[in-house]
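Work through these exercises with the sequence and the model side by side. Try each task before reading its solution.

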Amino acid sequence: MPDAELSARPLGVAPIAATPAAIEADAWRAPRGRWLRKHPMLVLGAILLLAMAVVAGLAPWLATHDPQDLDPLARLQPPSLEHRFGTDALGRDVYSRALWGARVSLSVGLAVAVLSGAIGVVLGLVAGFVRPIEGLVMRVMDGLMAIPGILLAIAAMAVTRASLATVIVAITIPEVPRVVRLVRSLALTLREQLYVEAARAVGTRLPAILWRHVLPNMMAPLVVQATFVAASAVLIEAALSFLGVGVPGQTPSWGNMMAEGRNFVAVAFHTILYPGVLLALTVLAINLVGDGLRDALDPRLARQL
Amino acid sequence: MVLRRIAATLPVMAVVAVLVFLLIHLSPGDPAALIAGDLATTDDIARLRATLGLDEPLWRQFALWVLRLAHGDLGTSIFTQVPVSALLAQRLEPTLSIAGLTMALAIVLAIPLGTLAAQTAGSWIDRAVMVFSVLAFSVPVFLIGYLLIWTFAIRLPWLPVQGYARLADGLGPWISHLVLPCVNLALVYIALLTRMTRATVLEVLQEDYIRTARAKGLGVLAVLGHALRNAAVPIATTVGVGIALLIGGVVVTETVFAIPGIGRLVVDSVQRHDYPVIQSVLLLSAGVYVLVNLLIDLSYGLFDPRIRDA
């Protein structure tokens with residue numbers, strides 16, 4: 001999905017003085033080629049991520065076995081034609097479970113990015129535009145950021161019953177301050193802009209100013225930040241499940257699969273390797289998209305890091 | 001200025017204390033029932049509520065809790081009935097060993113690596129360093145951990161597979177048990193520091209005084225020395241911010257390498273609903289984070305006389 005969105009927005013590279021037919025043709029060819037040449041890593045990441053999304057979406061059809069089916073006679077088998085990624089300690093098919101695991105990782109990444117993005121925007125705008133509340137919001141964020149993210153998520157899981165929803169909330173808590181800090185610092189710059197001042201002078205109300213003039217102007221860095229939040233969320237989810245405090249044990253998630261393989265490193269390394277590699281590829285894809293978007297949307301920022 | 005910086009840590013720690021205290025009260029449902037577990041009777045829950053003081057008003061519970069903290073009393077573990085401070089003390093050595101060695105390893109490797117990348121910007125060395133840092137950020141700590149174990153402890157039986165040996169039992173076993181966990185954990189930290197060092201050194205290398213230094217015929221190393229000194233503050237800041245990453249990584253690494261440290265303790269405590277332990281670990285790690293960053297901020301004067309005199 002990100003791939004389609006990217007190529008549909010050539011960011012002002014479409015030729016202006018061209019016939020309608022040529023524009024139509026160019027919209028399909030030239031910008032796409034240019035994207036590939038200018039941002040090869042971004043395109044690579046997007047394709048990888050798209051592939052992972054297809055795998056997650058089609059898991060029930062791509063899987064060769066039921067992910068929960070036990071086969072006590074075929075435990076810890078190496079990869080074969082029957083079991084492409086081998087079997088785990090209970091004789092379940094690692095390949096099928098790994099496909100289903102993509103669903104957990106991608107939905108957690110997406111949900112945490114959207115959720116912490118939304119909460120972060122609201123709190124960040126409030127902190128940036130409503131002076132009396134600013135101190136309070138930012139101090140709470142400082143406090144949250146002083147606790148390492150994984151620990152905070154682990155602690156949040158301690159007070160709830162494990163489920164996909166509680167894992168998402170638990171990971172969102174440490175991610176929110178990162179968004180709030182970004183939004184507030186952008187808001188502090190944007191509110192001094194002439195067009196915001198002008199809007200205020202003609203009597204536009206604050207919510208309208210924020211919605212119409214401020215928010216659109218912070219979308220680019222916000223989207224970049226959201227991709228990095230998604231990457232971090234996928235990693236933290238896997239870590240929580242790996243530690244045994246994430247999604248419920250029977251759910252096929254990559255972290256759970258690696259936790260189950262923990263005691264069989266020497267005899268059945270494949271039970272850890274395959275989910276681990278898929279996890280790494282997914283996070284790599286999201287990071288490549290994030291790095292690429294940052295370079296593409298904001299050349300100034302790109303030079304800084 | 002120093003006093004103001006020290007004072008600035010107080011609100012942060014106050015917020016952390018409130019958050020950590022509220023943790024158990026923010027959960028949906030009765031905290032006493034949560035602590036007691038699924039098998040508890042109503043009587044058990046009522047007794048627990050009274051012993052833990054959960055029947056008192058919230059503000060009073062908080063005041064009493066802070067007062068005890070101020071006396072160094074972290075409470076008693078519900079599961080083991082041992083004072084939390086004693087539990088933490090038992091587990092401190094492995095965790096500190098991993099964190100300390102990892103940090104040393106990362107700083108020693110990352111700063112030269114980042115400087116090299118900046119000096120050779122655009123070359124294959126620079127690209128290799130950047131590819132490494134993107135990979136290190138993406139590949140989960142525990143996957144690298146198991147790859148290391150599989151390669152250097154199982155396939156090539158050079159190092160112990162898992163576990164920890166106390167420093168008191170000899171330097172050799174201690175180091176050999178720490179090599180893999182520290183290399184494992186250092187990778188992310190090296191990636192972070194290398195990227196930051198490369199970026200700041202690259203920026204400093206554009207400055208006029210660097211051109212002057214080159215023009216008067218200084219060698220490459222002397223010029224880089226000038227550059228590093230001026231890049232020191234952002235690099236030191238990144239070391240401090242990375243502490244959060246490091247502590248989070250220790251928690252995962254301890255499980256991979258079966259090391260009985262504080263990270264393993266906190267994960268076990270979650271499964272046992274042992275809140276005093278979880279709360280103490282949160283407070284402790286936030287305290288370490290705030291303290292290290294305070295020390296780093298205060299040390300800027302060492303690198304930069306402009307800050308010292310201001």
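**Exercise 1.** Is Q81(B) buried or exposed?

*Solution.* This is a predicted model, in which local features need pLDDT of at least 70, side-chain atom pairs count only at pLDDT 80 or more, and totals for chains, interfaces and linings use all residues. Residues are numbered from 1 along each chain as its sequence is written, while chains are lettered from A and ligands numbered from 1 in the order in which they are written.

Start with the rule: a residue is buried if 20 or more other C-beta atoms lie within 10 Å of its own, exposed if 12 or fewer, and partly exposed in between, with C-beta atoms placed from the backbone. Q81(B) has 7 other C-beta atoms within 10 Å, so Q81(B) is exposed. Next, find its place: Q81(B) lies in the loop between helix 5 (58-70) and helix 6 (84-119) of chain B. Helices (H or I, at least four residues) and strands (E, at least two) are DSSP runs, numbered from the N terminus. Last, check the backbone. Q81(B) is not a glycine, yet has a positive phi of about 60°.

**Exercise 2.** Describe chain B as a whole.

*Solution.* Count the elements: chain B has 14 helices and zero strands. Then take the dimensions. Along the principal axes, the C-alpha atoms of chain B fill a box of roughly 85 × 55 × 35 Å. Now burial: 38% of the 310 residues of chain B count as buried. Finally, take contacts (C-beta atoms, placed from the backbone, within 7 Å). Among those in chain B between residues at least 6 apart in sequence, 72% join residues at least 24 apart.

**Exercise 3.** How do helix 2 and helix 13 of chain B pack?

*Solution.* Axes are lines fitted to C-alpha atoms, for helices over the stretch in contact, and angles run from 0 to 180 degrees between N-to-C directions. Helix 2 (residues 9-26) of chain B and helix 13 (residues 275-303) of chain B pack at about 165°, with axes 10 Å apart. Helix 2 of chain B and helix 13 of chain B are therefore roughly antiparallel. The scale: under 35 degrees is roughly parallel, over 145 roughly antiparallel, 65 to 115 roughly perpendicular, and the rest oblique.

The crossing of helix 2 of chain B with helix 13 of chain B is right-handed. A crossing is left-handed if the near helix is turned anticlockwise from the far one by less than a right angle, and right-handed if clockwise. Residues of helix 2 of chain B in the contact include V12(B), V16(B) and V20(B), and those of helix 13 of chain B include L282(B), A286(B) and V290(B). This contact has 13 nonpolar, three polar and no charged residues. Here Ala, Val, Leu, Ile, Met, Phe, Trp, Tyr, Cys and Pro count as nonpolar, Asp, Glu, Lys and Arg as charged, and the others, Gly among them, as polar.

**Exercise 4.** Which way do helix 6 and helix 7 of chain A cross, left-handed or right-handed?

*Solution.* First the geometry: the axes of helix 6 (residues 94-129) of chain A and helix 7 of chain A come within 7 Å and cross at roughly 135°. That makes helix 6 of chain A oblique to helix 7 of chain A. Their crossing is left-handed. Then the residues: L123(A), V126(A) and A127(A) of helix 6 of chain A meet I133(A), E134(A), V137(A) and M138(A) of helix 7 of chain A.

**Exercise 5.** How many residues does each chain give to the contact between chain A and chain B?

*Solution.* Chain A gives 37 residues and chain B gives 41 residues. On the side of chain A that touches chain B, the elements giving two or more residues are helix 7 (131-146), helix 8 (149-158), helix 12 (219-243) and helix 14 (270-297) of chain A. By class, that side has 28 nonpolar, seven polar and two charged residues.

Now zoom in on one residue. G276(A) is in helix 14 of chain A. G276(A) counts as buried, with 27 C-beta neighbours inside 10 Å. Beyond its neighbours within four places in sequence, G276(A) is in contact with M258(A), P140(B) and L143(B).

Terms used: Two residues are in contact if their C-beta atoms, placed from the backbone, lie within 7 Å.
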